[in-house]
Amino acid sequence: MFTVFLQQSLNGVILGCIYALTALGLSLVFGILEVANFAHGELYMLGAFMALFSTKLLGAPFFLALLISMVIMAIFGAIIERGVFRPIVGKPMINSMLLSFGLSTALANLALFFFKADPRKIDSGLAEIRFRFFGLHVTAERLVVLVLSVILVALLAWFIQYTKTGKAMRAISQDRVAAQLAGINIRRIYSVTFAISGALAAAAGTMVGAIFFVSPEMGFSVVLKSFVVIILGGFGSIRGVIFAAIIIGLAESLGGGFINYSYKDAYPFLLLVLLFMLRPQGLIGGKRS
Amino acid sequence: MKGKNWIILVAMALLLTFVPSVYAAIPTGAIKIGVVMPTSGTLAYDGGLALNGIKMAVDEINKAGGIKGNKLELLIEDSAGVPATAVAAIEKLIGMSKVSAVIGDFGSSCTLAMMDVAQRAQVPLITPISLAPKITEQGNIWTFRGCDNSEMIAKAFTKWAVKTKKLDKWAFIAVNTDYGRGSVEAFKKKVTELGGEVVFTEYFQQGETDYYPIITKLKATKANGLCMFGETVDLSRVVNQFYEMGLNEKMTLMDPTSGTFNPKFIELVKDKANGIVGASRFVASIKTPAAKKFVSDYRKRYGVDPEKYAQAGYDVARMVAMAITKADSTEPAKIREALSKISYKGPQGKAHFDEKNQLIIDEYIIAIKDGAFQIVAGPISAE
Amino acid sequence: MKKQVRLLVAALVLIGLLFIPKLFSMDYYMHMFVMSEIYTVLALSLALIVGFSGQVSMGHAAFYGIGAYVSALLSVNFGFSFWVTIWIAGIAAGVVSFMIGVLVLRLRGHFLAITTAFFGILVGLVFNNWTTLTNGPMGISGIPRPTPFHFAGFNMVVQTRAHYYYLGLAFAALVTFIVYRLINSRIGNALIAIRENEELARSIGIDAMAYKVFAFTVGGGLAGMAGSFYAHYILFISPVTFTVGESINILVMIIFGGMTTLFGPILGAVFLTVLPEFLRIAGSLRLVIYGVALVVFIIWMPLGVWGSLKSFWMGQRQASLQTARENPERL
């Protein structure tokens, strides 16, 4: 029984790593552009497809494919920021939400049209390598998810903490007007933010494409779960988001294994509801609206 | 700004006035057959296979001169695997396009939802795929099932699995739909009748990706056989994760409704497919002349071997054509009458409808070995 | 004077709408019109929450679904008539709406929107997984049509599309009237004050939370009644009809028409029910066109069609765009 518990926990943590990557990108865009980007899941989906094509058409090995996909999606992220989101930054929030929803619908269905519905799998060649210790099973592929996520998150933390651009990003998320007055090129930062968000989503999509599947419809559910993560984890805090992501992963895995599998997707939301009831003032505390 | 707004308004108004004229341009004289299949959503891949079969059958018939000189015309609507959408689609086909018969849908839940419309409009509805027993248990004379159902499969398969394969502790993982639940019920009954034991049952939602929670739980049971009900994609995930957890050493994988017996599944799970046993009304390795011809024609057209969805689509479309020929009319009521008395022979074998409009056909016990589908036993007659 | 003109126009429009079944006899068209009526109710009830009170909800389809399920289960399992269940459905959806409202309406902006979406998902998961009650993804079939009743000497039956159309028309007109009266009352003024500036509203003694919960409850209850109508019209319900996607669809309708007006949501509901059906000729690109149109539309017409026309005619276009720009977090 204890082994089962440990196994479920391990599964949950690995799942949490993926949520952390998608949620971090979403949280950055949210913090800096104040846009709830529902099309984030499509960046993740397209990222998975880019990696798939890199392995299938170019014959690239998995890690190179991951890199290619991250670069392409970073560029794509910057493009949609410039073309779609920039005109409505500062407009009522409902507009940006519906705009991103429209974009999400369009991208998902374009992908369906061009890439077709039949789901494919990114062949990392790592799933066949299986480890077994203390009665626990884990594939090399899932270990890679764990390690890569840690590396990417560390890189992001370093970038935001120590580079000039990173500092500018933090400044904008705290006070846009003051940052602008201080001479920060706010538009450039917007593009950079979307690029990072796109790259992180691509990384997550690629990994999911390897351990699960790649399909045009993989995006939407991930976005909503990522929103749970960023609300649970508080804003602007990388640590909070990671912590919340792991909790959500565990809740799904343990709840699904020990309580009721059918409600697996409900546990993250229930956690949030519980939190609202325990802390009626909301988690976000002082953060505006 | 102002100018742009007006352009959008005018464009939208134009779109609205222009669109209806497109509908009127459909040529008359052809015999219209409606098809409702999921071409988007999680069932899109499997729905496409059935559609391949239907299209191939109709093209063959038209190439041979159609039905008494009249071409068959297919009007295809997407149900997205959603019952409400399926209802809207069949309403449109019957109400607007005045089709003579409707082929559809894939999922049992969609077919169940459409049956009422077919009955009300008095147009025959033939499902090539839906397995839920209750479709043909409602006394709806307008609905036909052009394939076997899970009770028929259960009868043939469990006997073989429990007696010959000696699998006595069964675990079930099934999709939470009429098809999944109906199948699990039918199988549980047969397994216990034969002296087997059911130790584990879990349902998942269509399109689920992460099965680790239940696979981990399954590991702690004493089951020696895992019986799965679902579509290609979902089941390929189950099988992959089943292997990742090392369960393959403990139990035999069974897929009695053979959702996994197709090339796509093999591509998705590779050699992990080895040893999966199931039952099917059709596999590409059937060696009768009719089957061989169908397989080679299908291969020529689509580049892959047909499986049972394509076969059912193909057979059902041909049955409808045969009924129209027999009835010598495009009137839905006459087609229904003719269909119920049909005596059909296709790549799978002989087939006819019983008094509940259930197709009576043979079953084969099959297994996957190195990407090929082998016949282990059969044909087993349904009677 | 102006009020009388308006009433006259409304009456004329209503009379005109009575002739629709005579003009479009085909069932397929009538189906679109009946659906338009259902969406009109949904859009108006959501406009009460989002448009007039400024509280963005992405979970409206949950109340629509609760109404549909309550109504369907009562009539299928206990033989209740539609004429009874539609009220119970409205009350049930209103009660759930009230409870959720109390819990979430202290949140604002994005957080409120996303949290309401979560509740929508939770309700959907219950529909899907409480199989013994709701029959899960298989849905509930065999829902009876409204029972015949006697009214003013006539024996009324609801059987054909045209019957449903008239019933739906009465329903939609009633809801339009209710919402019209609400927004033109003291309550409506308070709601609009909260939308424009909640702190200010509080400072002049408006109990913002109570009013917001009130709007949320009424909106949810009306959506529940729409759900009941839907269930007894389609005669089959399943969880896929009541997803977050559907909530967003309704939200798009009111944004499209212009959500701070009464006519805007109606326009949006009718247009966006009819349009996707016509887009079916675009086949698999249908949803791509829809998505792109939405993006283009939101960038170019942030006030909605009716809202833009209205402010254009009133010469206030510049002014209202200005307010929208200056108060980015207003909605």
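The dialogue below goes through a predicted model with chains A, B and C, one feature at a time.

User: Before I read any detail, what are the ipTM and pTM of the model?

Analyst: The model is predicted, and its scores are ipTM 0.82 and pTM 0.80.

User: What is the mean pLDDT of chain A, and what is that of chain C?

Analyst: Chain A has a mean pLDDT of 87, with 96% of its residues at 70 or more. For chain C the mean is 84, and 89% of the residues reach 70 or more.

User: Turning to the folds, how many helices and strands does chain A have?

Analyst: Chain A has eleven helices and two strands. Read from the N terminus, the order of its elements is α-α-α-α-β-β-α-α-α-α-α-α-α.

User: Why look at the radius of gyration of chain A?

Analyst: It can be set against the value for a compact globule, which for 289 residues would be near 19 Å; chain A has 19 Å, so the two agree. The C-alpha trace of chain A spans about 60 × 50 × 35 Å along its principal axes.

User: What does chain B hold by way of secondary structure?

Analyst: Chain B has twelve helices and 15 strands. Along the principal axes, the C-alpha atoms of chain B fill a box of roughly 65 × 60 × 40 Å.

User: How do I read the packing of two helices?

Analyst: Two packed helices are described by the angle between their axes and by the distance between those axes. In chain A, take helix α9 (residues 219–233) and helix α11 (residues 266–278): their axes come within 10 Å and cross at roughly 30°. An angle under 35 degrees counts as roughly parallel, so α9(A) is roughly parallel to α11(A). The crossing of α9(A) and α11(A) is left-handed.

User: Which residues of α9(A) and α11(A) meet?

Analyst: From α9(A) they are Lys225(A), Val228(A), Ile231(A) and Leu232(A); from α11(A) they are Pro268(A), Phe269(A), Leu271(A), Leu272(A) and Leu275(A). By class, the contact of α9(A) with α11(A) has eight nonpolar residues, no polar ones and one charged.

User: How do α2(A) and α9(A) cross?

Analyst: The axes of helix α2 (residues 40–57) of chain A and α9(A) come within 7 Å and cross at roughly 130°, which makes α2(A) oblique to α9(A). The crossing of α2(A) with α9(A) is right-handed. His40(A), Gly41(A), Glu42(A), Tyr44(A) and Met45(A) of α2(A) make the contact with Gly219(A), Phe220(A), Val222(A), Val223(A) and Ser226(A) of α9(A). This contact of α2(A) with α9(A) divides into five nonpolar, four polar and one charged residues.

User: How do I read an interface, such as the contact of chain C with chain A?

Analyst: The size of an interface is often given as the accessible area lost when the parts come together. Here it is given by residues in contact: 38 from chain C and 37 from chain A. On the side of chain C that touches chain A, α6 (109–129), α12 (244–257), α14 (286–300) and α16 of chain C each give two or more residues. The largest share, eleven residues, comes from α6(C). By class, this side of chain C has 28 nonpolar, five polar and five charged residues.

User: How many residues of chain C are in contact with chain B?

Analyst: 21 residues of chain C are in contact with 22 residues of chain B. Helix α3 (residues 27–52) of chain C gives the most to that side of chain C, with three residues. The side of chain C that touches chain B has twelve nonpolar, eight polar and one charged residues.

User: What should I look for in the backbone?

Analyst: Most residues other than glycine have a negative phi, and most peptide bonds are trans. In chain B, the peptide bond from Gly104(B) to Asp105(B) is cis, with omega near -5°. Asp105(B) lies in the loop between β3 (101–104) and α4 (108–121) of chain B. Lys68(B), which is not glycine, has a positive phi near 50°. Lys68(B) sits in the loop between α2 (44–63) and β2 (72–78) of chain B.

Methods. Residues numbered from 1 in each chain as written. Chains lettered and ligands numbered in written order. Predicted model: local features only at pLDDT ≥ 70, side-chain atom pairs only at ≥ 80, totals over all residues. Contact = placed C-beta atoms within 7 Å. Helix = DSSP H or I, 4+ residues; strand = E, 2+ residues; numbered from the N terminus. Nonpolar A, V, L, I, M, F, W, Y, C, P; charged D, E, K, R; others polar. pLDDT = per-residue confidence, 0-100. Axes fitted to C-alpha atoms, helices over the stretch in contact; angles between N-to-C directions. Parallel < 35°, antiparallel > 145°, perpendicular 65-115°, else oblique. Left-handed = near helix turned anticlockwise from the far one by under 90°. Rg over C-alpha atoms; globule rule 2.2 N^0.38 Å.
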